Amino acid sequence: QVQLVESGGGLVQAGGSLRLSCAASGRTFSSYVMGWFRQAPGKERELVAVINRSGGNTYYADSVKGRFTISRDNARNTMFLQMNSLKPEDTAVYYCAAGQRYTTRDEYDYWGQGTQVTVSS
């Protein structure tokens, strides 16, 4: 099992940046594919980005491509999401997730509690 804790959310003006972190417990972090998802009020949860076990392969939703960067540090059991050029439509609760499959679907085994990101116009 793995427990995930997100941090780094907050309120930022449009065009600004935030860096989210996802800290994982346990000694098997490197065995998990990791992903970031988000859910805006009244909307379904959607994929933001995925990163494979080594960090060598990544996938981004079209809506964040070129603005967000997913990364991981297996030695520190931590995953990151660098978010630049933020837009009001990026406002959502952001969740990190861990699983065994490299997938864009929300078929992950473990989820964090979420961190709120609010982008003001």
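This is a predicted model: local features need pLDDT of at least 70, side-chain atom pairs count only at pLDDT 80 or more; totals for chains, interfaces and linings use all residues.

Biologist: Let's start with the strands. What makes β1, β3, β8 and β7 an open sheet?

Modeller: These 4 strands line up in the order β1-β3-β8-β7, with antiparallel pairing. At the edges are β1 (4-7) and β7 (68-73), each of which pairs on one side only. Neighbouring strands here are turned by 15° against each other on average, if direction is ignored.

Biologist: How do you know that β7 and β8 pair?

Modeller: Two strands count as paired if there are at least two bridges between them. β7 and β8 (residues 78-83) are joined by 6 bridges and run antiparallel, so they pass that test. One of the bridge partners to look for is M83 in β8, which sits across from F68.

Biologist: Which strands pair with β9?

Modeller: Strand β4 (residues 33-39) pairs with β9 over 7 bridges in the antiparallel sense. Strand β11 (residues 115-120) is joined to β9 by 3 bridges, again antiparallel. Strand β10 (residues 110-111) has 2 bridges to β9 and also runs antiparallel to it. The cut-off is at least two bridges, so β10 counts as a partner too. To find your way, look for V33 with G99 in β9, A92 opposite V117 in β11, and A97 with W111 in β10.

Biologist: Why is the link between C22 and C96 called a disulfide?

Modeller: The cut-off is a pair of cysteine sulfur atoms within 2.5 Å. The sulfur atoms of C22 and C96 are 2.1 Å apart, so the pair qualifies. The structure holds 1 disulfide. In general, a disulfide is a covalent bond between the sulfur atoms of two cysteines.

Biologist: What makes the disulfide of C22 and C96 right-handed?

Modeller: The torsion about its S-S bond is about 60°, and therefore the disulfide of C22 and C96 is right-handed. C22 belongs to strand β3 (residues 18-24) and C96 to strand β9, so the pair ties together parts that are 74 residues apart in sequence. Both C22 and C96 are buried.

Biologist: Is R67 buried or exposed, and how do you know?

Modeller: Buried means under 20% relative accessible area. R67 has 11% relative accessibility, so R67 counts as buried. You will find R67 in the loop between β6 (58-60) and β7.

Biologist: What does the side chain of R67 reach?

Modeller: The side chain of R67 reaches the backbone oxygen of S85 at 2.9 Å. A polar contact needs N or O atoms within 3.5 Å, so this pair is inside that limit. Leaving aside neighbours within four places in sequence, R67 is in contact with residues including Q82, M83, N84, L86 and D90.

Biologist: Which residues touch the most other members of the largest nonpolar core?

Modeller: That core has 30 residues, and M34, W36, M79, L81, M83 and Y94 touch the most other members. The elements giving two or more residues to this core are β3, β4, β5 (46-51), β7, β8, β9 and β11. A second, separate core has 6 residues, including V33, F37, V50 and Y108.

Biologist: What does M83 touch?

Modeller: Not counting residues up to four places away in sequence, M83 touches G16, S17, L18, L20, R67, F68, Y94 and V117.

Biologist: How many residues of β9 are buried?

Modeller: Strand β9 (residues 92-99) is mostly covered, with 7 of its 8 residues buried.

Definitions and conventions:
Residues are numbered from 1 along each chain as its sequence is written. Side-chain values use heavy atoms; hydrogens and water are left out. Axes are lines fitted to C-alpha atoms, for helices over the stretch in contact, and angles run from 0 to 180 degrees between N-to-C directions. Buried means under 20% relative accessible area, exposed over 50%, partly exposed in between (1.4 Å probe, protein chains only). A polar contact is a pair of N or O atoms within 3.5 Å; within protein, one must be able to donate a hydrogen and the other to accept it, and residues adjacent in sequence count only if both atoms are side-chain atoms. Contact means heavy atoms within 4.5 Å. A nonpolar core is a set of buried Ala, Val, Leu, Ile, Met, Phe, Trp, Tyr and Cys residues joined through side-chain atoms within 4.5 Å.
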